[in-house]
Amino acid sequence: MPTPGSESDPGASPDTLAALAIDEPTLLRLSGPGPRYTSYPTAPEWRDDFREADAMAAYARAAATPDEALCLYVHLPFCERLCLYCGCTVEIHGHQSRADKYLDAVEREIALVAAALGTRRGLLQMHWGGGTPTFLSEAQLSRLHGMITAAFHFLPGAEQSIEVDPHITTHGQADLLVRLGFNRVSMGVQDFDSVVQQIVKRDQTYDETASLIARFRQAGIEGINVDLMYGLPEQKLDTYGRTLDRIVELSPDRLAVFGYAHVPWMKPAQKVLERSNIPEAVERARLFGLALGRLTAAGYEVIGLDHFARPTDSMFKALSAGTLHRNFMGYATQPAQDMVGLGMSAIGDIGGAFLQNARSTKEYEPALMGGHLATVRGMLRSPEDDLRRATILSLMCRMRVDLDELEAQTGVPELATHFQDEWAEMQPFADEGFCTLAPRRLDITPRGRLFLRHMAMVFDAYLRSRRAEESGKRFSQTI
């Protein structure tokens, strides 16, 4: 099997991998399970006895800073079909009318949360995810947006984003979303290869994807994200290379290139995929290397983790300006620190706590219709949690850890002593050229952006105390 960038793979960029100095053995050696750090502490550390009273206390703390902006996430779990690779919390339905009852519960949740937040109602970022948000009809989409704007208001420059499925999203829905104020869309592609699509049960053509992108651009959407996936059953270098070439033709503003997480113990439907050839670590490393070469050769910059963006995109600009943030929606370009989560399984990060709703509509809807929040788990962070959270966020979003900055930000003194062991554990990463290390500062190099998860794990106190074999069934593969 050819290595990306070799003569037998003429479509890749030989110079790109050389410039980043990322070779296949390195990718393979560093492959293994690890958190994505959309939160710290990570979800496995949260408590199952964190309930409505704890959530209300968190909202009350957040209400004490009424002038600070918020992010808002809405989970819309419905899909017409199940893509077998999916790791999201979804419910399969064939009729849009099912969403009406769900929206009734979301409306109750909005009312309860807005009241608990007092006058703190300004939104700097909103994202609708799922599931398939465009499972909803145009009337239902309008209803949900109206419910939110009746309780909250968008601040100047706010980002409104939504996930769309090109296979079912109509041009009418696209036009409506623009009229409602959405200014960024994200669409899954994963792989255009027909063999892979047939195995994973996702039939989505290049033409319908290109048509929807063109429609959004015609309507004025400036920010378009495309999701790709590597490590899916029967993916090959040559066919995945053709998908990458076609994606470059579509010229999205940014991309997320995720490794397929095979977790049949959590998502039993994935067991079916074991009938086909699921790429092992070597093949996964080569597929990712191919994506890295093709996308950087096409002008995309590595943001961090699995993310790529054009230099003109707001995400790259935020990285350059030091204002990039990370939350449960992934990388965010807006500086709001607190996030409200609405809907079944939605997660909030509010008032110094994480809180998660019930993971099924059978639990979520009755709780809200009975006048109660549907919080079923969460965690109140400790001062040490917040210190390490700030450290990991700085590493992943600002590409540095500056102890002088952290001491000023957190008020915790003598961090060089506090992180003495962690600093020593970072030395091998510095030796490999992933970072530069000084007594009170480390800086991530361009090649180190691909291994942010690995370096963040050094500062994860929970992970350090957990047996390595326990992590394999908690987290996805880093490569």
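Is Asp165 buried or exposed? Asp165 counts as buried, at 7% relative accessibility. The cut-off for buried is under 20%. The model is a predicted one.

**Salt bridges**

The structure holds 30 salt bridges. One of them joins the side chains of Asp165 and Arg202, with 3.5 Å from N to O. Asp165 sits in the loop between strand 5 (153-164) and helix 6 (171-180), and Arg202 in the loop between helix 7 (194-200) and helix 8 (206-219), so the pair ties together parts that are 37 residues apart in sequence. Arg202 is buried as well, with a relative accessible area of 8%.

Two further pairs involve Arg400 and Arg441. Glu405 forms a salt bridge with Arg400, and their closest N and O atoms are 3.1 Å apart. Arg441 forms one with Asp443, where the closest N and O atoms are 2.8 Å apart. The table gives the relative accessible area for the residues of these pairs.

| Residue | Relative accessible area | Class |
|---|---|---|
| Asp165 | 7% | buried |
| Arg202 | 8% | buried |
| Arg400 | 16% | buried |
| Glu405 | 28% | partly exposed |
| Arg441 | 31% | partly exposed |
| Asp443 | 23% | partly exposed |

Salt bridges with shared partners also build a network. Arg81, Asp165, Arg202 and Asp203 are joined in this way.

Strand 18 pairs with strand 19 (residues 441-444) over 4 bridges, in the antiparallel sense. Within this pairing, Ala438 has Arg441 of strand 19 as its bridge partner.

**Helix 3 and its cover**

Helix 3 (residues 52-63) has 12 residues, which should span 16 Å at 1.5 Å a residue; the end C-alpha atoms are 16 Å apart, in agreement. Ala55, Ala58, Tyr59 and Ala62 of helix 3 are buried. Down the helix axis, the buried residues fall within an arc of 100 degrees, so they line one face of helix 3.

What covers these residues? The cover includes helix 4 (98-116), strand 13 (338-342), strand 14 (347-350), strand 15 (353-357) and strand 16 (375-380).

**Strands 14 and 15**

Two elements of that cover, strand 14 and strand 15, form a hairpin with 2 residues between them. Gly351 in the turn has a positive phi of about 55 degrees. The two strands run antiparallel and are joined by 4 bridges. Asp349 has Phe354 of strand 15 as its bridge partner.

In a regular strand, side chains alternate between the two faces of the sheet. In strand 14, Ile347 and Asp349 point one way, while Gly348 and Ile350 point the other way. All of these residues are buried.

**Backbone details**

Which residues are joined by cis peptide bonds? Pro41 has its place in the loop between helix 2 (24-29) and helix 3. Another cis bond joins Gly130 and Gly131, with omega about 15 degrees. Gly131 lies in the loop between strand 4 (122-130) and helix 5 (138-151).

Positive phi also turns up in residues other than glycine. Tyr37 has phi near 55 degrees. Tyr37 lies in the loop between helix 2 and helix 3, and is buried, with a relative accessible area of 3%. For Gln190, phi is near 70 degrees. Gln190 lies in strand 6 (residues 184-190) and counts as buried, at 9% relative accessibility.

How values were computed
Residues numbered from 1 in each chain as written. Predicted model: local features only at pLDDT ≥ 70, side-chain atom pairs only at ≥ 80, totals over all residues. Heavy atoms only, no water. Pairing = 2+ DSSP bridges. Expected span 1.5 Å × (residues − 1). Buried < 20%, exposed > 50% of the residue type's maximum accessible area, 1.4 Å probe, protein only. Arc of directions from axis to C-beta. Contact = heavy atoms within 4.5 Å. Salt bridge = Lys/Arg side-chain N within 4 Å of Asp/Glu carboxyl O.
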